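This report concerns a predicted model.

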Amino acid sequence: MPNNKRKNRGNKNKEVTMTPSNEKDTPIQDYEDDEIEEMQEADLKKLIRTLRSSQKQILELQKSLMDKIENLSRENEILRRNQNETKQLVQQETGIVTEVKNSIDQMKNTIESLTNRMGEAEERISDLEDREQERIQSDQRKEEEIRNLKHIVGNLQDTIKKPNIRVLGVPEGMEREKGLEGLFSEILAENFPGLEKDREILLQEAHRTPNKHDQKRSSPRHVVIKLSTVKHKEKILKCAREKRQITLRGSPIRLTADFSSETLQARREWRDIAQVLRENNCQPRILYPAKLSFVNEGEIKTFHCKQKLKEFVATRPALQRCLKMCYTQKQRNTVINMKEGKGRKPRKETSQQKITGNSKHILELIFGKWQGKVTTYH
């Protein structure tokens, strides 16, 4: 038995001797107490070296593990801090989101309030527009009524003034000797001897108009003569048209019919058109109270307003050409006069020049602005 034990120890020593020289990789063997007692000194030393090497490895492993544990602790601390910072950021973001939600809710409430206000404002605007439309219609009706009333008043004035004669050019103060009635009798005796003896012509009233004399007026106030009948007025005016030149004590005067201001303005407008028609031999006449009559293609045409005249001229190419040629000639004359008048002192317009300018304006109203090319002759 002791020999077997020794053989076994020898085998074991051989196995120990045959272990690799790298002590770090040498595994630690388990030895029983009786085997340790039987070991030799070399084996013990080798065993001790192996144990020391293993101890170093364990220490190194322990140190490595401690380093790893420390690193893990640091990383864990960093992660904890990051987690805390993330929580704070999440809380801040949550607060911001809550504030944004509150702001959105406030904006929704504000928008809803504004929408309601806009609806109320639109209703008010719609009401105001309806009222404005009603006011416009009411104003239009009132204007139409005013125009009708003015027309009625004008007709009444024309009816009242129908037997009147207006005398222009009688100097102020001349009536002091005989009065206005005596001056009218003198006009009849001087210009119409036959009418002066006609006892049927009765003068009912005579006055100047306007009632107040303006010292700045260069021309004297008109004299209005009211006769007993329209027939006598027409008779006197017919004689005045035939004689043409009427005088009072050698000074020229004029006799005309007495009209309201509206009728007088309408007759003045027709007068400008009549001047253009007269230049084209259309034999124009201004009828009572304010109608234009002229001859076209052998027929007498009468118009109450310029719109009807415009529609008629549009259907008469020959008349339209004549009037446009007259208008073009007036434009040429205007250009020539402007060129000749360069560097000269401007002269006061004559009555004929005023009529020509007004005729040009009336033609523009009838035809629109003439776009034809105007040739200037030098």
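The text below describes an aromatic cluster, then a helix residue beside it in the account, and lastly a loop serine.

The model is predicted, and local features need pLDDT of at least 70, side-chain atom pairs count only at pLDDT 80 or more, while totals for chains, interfaces and linings use all residues. Residues are numbered from 1 along each chain as its sequence is written, and side-chain values use heavy atoms, with hydrogens and water left out.

**Aromatic cluster**

A pair of aromatic rings is described by the distance of the centres and the angle of the planes. Rings of Phe, Tyr and Trp (its six-membered ring) pair if their centres lie within 6.5 Å; planes under 30 degrees apart count as stacked, over 60 as edge-to-face and the rest as tilted. By this rule there are three aromatic pairs.

| Pair | Centre distance | Plane angle | Class |
|---|---|---|---|
| Phe294 and Phe303 | 5.6 Å | 20 degrees | stacked |
| Phe294 and Phe312 | 6.3 Å | 65 degrees | edge-to-face |

Through ring pairs, Phe294, Phe303 and Phe312 form a cluster. Phe294 belongs to strand β7 (residues 291-296) and Phe312 to helix α8, so their pair ties together parts that are 18 residues apart in sequence. Helices (H or I, at least four residues) and strands (E, at least two) are DSSP runs, numbered from the N terminus.

Burial is judged by relative accessible area: buried means under 20%, exposed over 50%, and partly exposed in between (1.4 Å probe, protein chains only). Phe294 is buried at 1%, and Phe303 is buried at 8%. Phe312 is buried as well.

**Helix α8**

Helix α8 spans residues 306-314, and its residues Leu309, Phe312 and Val313 are buried. These three lie on the same side of α8 because they cover an arc of only 95 degrees around the axis, the arc being that of the directions from the helix axis to the C-beta atoms.

**Leu277 in helix α7**

Leu277 is located in helix α7 and is buried, with 3% relative accessibility. Beyond its neighbours within four places in sequence, Leu277 is in contact (heavy atoms within 4.5 Å) with Cys282, Pro284, Leu292, Phe294, Leu319 and Leu323. Leu277 and Phe294 are separated by 17 residues in sequence and by 7.8 Å in space, C-alpha to C-alpha.

**Ser260**

Ser260 occupies the loop between β5 (251-257) and α7 (261-279). Its relative accessible area is 0%, so Ser260 is buried. With neighbours within four places in sequence left aside, Ser260 is in contact with Gly154, Gln157, Asp158 and Lys161.
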